[in-house]
Amino acid sequence: MSEEATEQEVKQTEEQQPFKSFATQAELDSYTDKRISKALDTAKEKWASELDDKLKEREDKAKKLASMTAKDRAEAELKDRQKALDEREHELNMKAYRIEAQKQLEENKLPADLVDLVLTDNAENTHANIQLLSETVDELVKARVAELSNTSSPKDSAGFKSSDQVNGDVAAFAQKNRLI
């Protein structure tokens with residue numbers, strides 16, 4: 001019981017302190033070793049659990065196949081092969097859709113990094129997503145350009161008026177505005 005109480009006290013003090021300090025390198029090494037050991041144990045338990053699940057699944061499948069007739073076994077194997085083929089075909093289609101989507105993004109002058117935002121299981125939907133993204137970006141750019149171009153023009157520039165140029169001689173204007 002005293003070990004449990006000590007562990008609880010250590011946990012409470014760790015929770016209160018935002019970081020832990022160590023007086024010696026040996027304490028740091030010991031703490032690090034404990035943390036790594038705990039992480040490895042957790043990982044091992046997870047891997048063992050996954051392995052047990054896969055083994056159990058295989059055993060169940062083997063028992064099921066053993067109880068079937070030859071015809072049923074052949075049908076089950078055919079279904080498994082068909083399922084694997086369908087998965088592979090889906091992966092290949094997704095790769096093709098990704099390549100086509102990247103090409104369409106580049107044609108619309110959009111970054112190819114956005115492919116994950118527009119990619120779907122269907123080529124038509126992917127194309128529609130790209131068009132929508134392109135239109136939205138165009139509208140945003142136009143709005144920003146319009147916002148930035150709405151600046152006021154200067155009224156008069158530093159005492160220089162166009163009427164002075166037109167009405168008078170350039171030399172007279174220069175003489176009139178001469179400071180020296």
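Modeller: Here it is, and please keep in mind that this is a predicted model. The largest nonpolar core is made up of eight residues in all, namely Met94, Ala101, Leu105, Leu110, Val115, Val118, Leu119 and Ile130. The elements that give two or more residues to this core are helix 3 and helix 4.

Colleague: Which helix gives the most to this core?

Modeller: That is helix 3, which contributes three residues. As general background, nonpolar side chains in soluble globular proteins tend to be buried together.

Colleague: What is Val118 in contact with, leaving aside its neighbours within four places in sequence?

Modeller: With those neighbours set aside, Val118 is in contact with Leu105, Thr126, Asn129, Ile130 and Leu133.

Colleague: Let me step back a bit. How many helices and strands does the chain come to?

Modeller: The secondary structure comes to seven helices and zero strands, so that, read from the N terminus on, the elements run α-α-α-α-α-α-α. Of the 180 residues of the chain, 8% count as buried. Among the contacts in the chain with a separation of 6 or more, 27% are accounted for by residues 24 or more positions apart.

Colleague: Now helix 5, please. Which of its residues are buried?

Modeller: The buried residues of helix 5 are Thr126, Ile130 and Ser134, and they pack against helix 3, which covers 70-107, and helix 4, which covers 115-118. As a general point, an α-helix has 3.6 residues a turn, so residues three or four places apart point the same way.

Colleague: Is Thr126 buried or exposed, and what does Thr126 touch?

Modeller: Thr126 counts as buried because its relative accessible area is 3%, and buried means under 20%. Not counting residues up to four places away in sequence, Thr126 touches Ala101, Val118, Leu119 and Thr120.

Colleague: And what about Ser134, buried or exposed?

Modeller: Ser134 is buried as well, with a relative accessible area of 10%. When residues up to four places away in sequence are not counted, Ser134 touches Asn108 and Leu110.

Colleague: How far apart are the end C-alpha atoms of helix 5, and what should its residues span?

Modeller: Helix 5 has 27 residues, 123-149, and at 1.5 Å a residue these should span 39 Å; the end C-alpha atoms are 39 Å apart, which agrees. At the start of helix 5, a side-chain oxygen of Asn122 comes to within 2.9 Å of the backbone nitrogen of Glu124.

Colleague: Changing topic, where does Lys109 lie, and what is its phi?

Modeller: Lys109 lies in the loop between helix 3 and helix 4, and its phi is positive, at about 60 degrees, although Lys109 is not a glycine. For context, most residues other than glycine have a negative phi. Lys109 is exposed, because its relative accessible area of 75% is over 50%.

Colleague: One last thing, the second largest pocket: how much space lies there, and which residues line that pocket?

Modeller: About 250 Å³ of space lies in the second largest pocket. Its lining consists of Lys61, Lys64, Leu65, Met68, Ala76, Lys79, Asp80, Lys83, Ala84 and Glu87. Helix 2, which covers 25-67, and helix 3 each supply at least two residues of that lining, and helix 3 gives the most, with six residues.

Terms used
Residues are numbered from 1 along each chain as its sequence is written. This is a predicted model: local features need pLDDT of at least 70, side-chain atom pairs count only at pLDDT 80 or more; totals for chains, interfaces and linings use all residues. Side-chain values use heavy atoms; hydrogens and water are left out. Helices (H or I, at least four residues) and strands (E, at least two) are DSSP runs, numbered from the N terminus. The expected span of a helix is 1.5 Å times one less than its number of residues. Buried means under 20% relative accessible area, exposed over 50%, partly exposed in between (1.4 Å probe, protein chains only). Contact means heavy atoms within 4.5 Å. A polar contact is a pair of N or O atoms within 3.5 Å; within protein, one must be able to donate a hydrogen and the other to accept it, and residues adjacent in sequence count only if both atoms are side-chain atoms. A nonpolar core is a set of buried Ala, Val, Leu, Ile, Met, Phe, Trp, Tyr and Cys residues joined through side-chain atoms within 4.5 Å. On a 1 Å grid over the protein atoms alone, a cavity is a set of points where a 1.4 Å probe fits but cannot get out, and a pocket is an open set with protein on both sides within 12 Å along at least five of seven lines; lining residues have an atom within 4 Å of a point. Grid points are joined across faces, edges and corners, and a volume is the space filled by probe spheres set on the points.
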